[in-house]
Amino acid sequence: MHASPPLEASFNPLIRAYLVAMVAWYLLISVVGAPLILLWLPGPGQWWARHYFARLGCTVDDRTLQFRKGILFRVEKTIPLENIQDVTFIEGPILRLYHLSILRVETAGQSPGQAHAMQLVGIVDAHALRDEILARRERLRLHHASAAPAASSSQDTLDAIRERVDEIAVLLRQQRASS
């Protein structure tokens, strides 16, 4: 399989303003948080958004999608490409205001009820990243499909060797019995 270089996604710096505004919105709609908006916007909100943005990262290689984010609670996810079921592009009016979009990556679990979804907010050229993730997933699937016949022919070879060893064992027993 031809190895593609890892692809490092970049994030739109406007995600910082979007994050500050979203938290301010949640503060505004909560009765208790509304007075905190005046403190949030110029101080902690700016600090939080700057540090959050600095820790964002997303890398796609030939086998996995890796994502990291967070300040206090850091999250690092690695998703095997073969487990990705769908990559959805989401863009609403508020996101468009900030020139942002969301890539939602849906995965399959190993057993029922283990499917997961991951959202990547603010990736620059999200359409191209989605296409690249899906293309690499397809190449990986084709590689596994082409490797499967080789594995089955290896199994056939092992079965033939076992049969031949069994024949030799029978001949040796017969030879011992006749001597």
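A residue is called buried when its relative accessible area is under 20%, exposed when over 50%, and partly exposed in between (1.4 Å probe, protein chains only). By that definition, 29% of the 179 residues in the protein are buried. This is a predicted model, in which local features need pLDDT of at least 70, side-chain atom pairs count only at pLDDT 80 or more, and totals for chains, interfaces and linings use all residues. Residues are numbered from 1 along each chain as its sequence is written, and side-chain values use heavy atoms, with hydrogens and water left out.

**Figure 1. The whole protein.** The protein has five helices and seven strands; helices (H or I, at least four residues) and strands (E, at least two) are DSSP runs, numbered from the N terminus. Along the sequence the pattern is β-α-α-α-β-β-β-β-α-β-β-α. The radius of gyration, taken over C-alpha atoms, is 27 Å, well over the 16 Å that the globule rule gives for 179 residues, so the protein is more spread out than a compact globule. The globule rule is 2.2 Å times the number of residues to the power 0.38. The C-alpha atoms fill a box of roughly 100 × 30 × 25 Å, taken along the principal axes.

**Figure 2. Confidence by element.** The mean pLDDT (the predictor's confidence in each residue, from 0 to 100) of the protein is 84.

**Figure 3. The largest nonpolar core.** A nonpolar core is a set of buried Ala, Val, Leu, Ile, Met, Phe, Trp, Tyr and Cys residues joined through side-chain atoms within 4.5 Å. The largest has 30 residues, of which C58, L65, I84, V105, L120, L129 and I133 touch the most other members. Helix α5 gives the most to this core, with four residues. Not counting residues up to four places away in sequence, L129 touches L7, A9, C58, V60, L103 and I123; contact means heavy atoms within 4.5 Å.

**Figure 4. Helix α3 and its covering.** In α3, residues G45, A49, Y52 and F53 are buried. These four cover an arc of only 100 degrees around the axis, which puts them on the same side of α3; the arc is that of the directions from the helix axis to the C-beta atoms. Their covering includes α1, α2 (37-40) and β3.

**Figure 5. W48 in helix α3.** W48 is found in α3 and is partly exposed, with a relative accessible area of 24%. Leaving aside neighbours within four places in sequence, W48 is in contact with L19, V23, W40 and I71.
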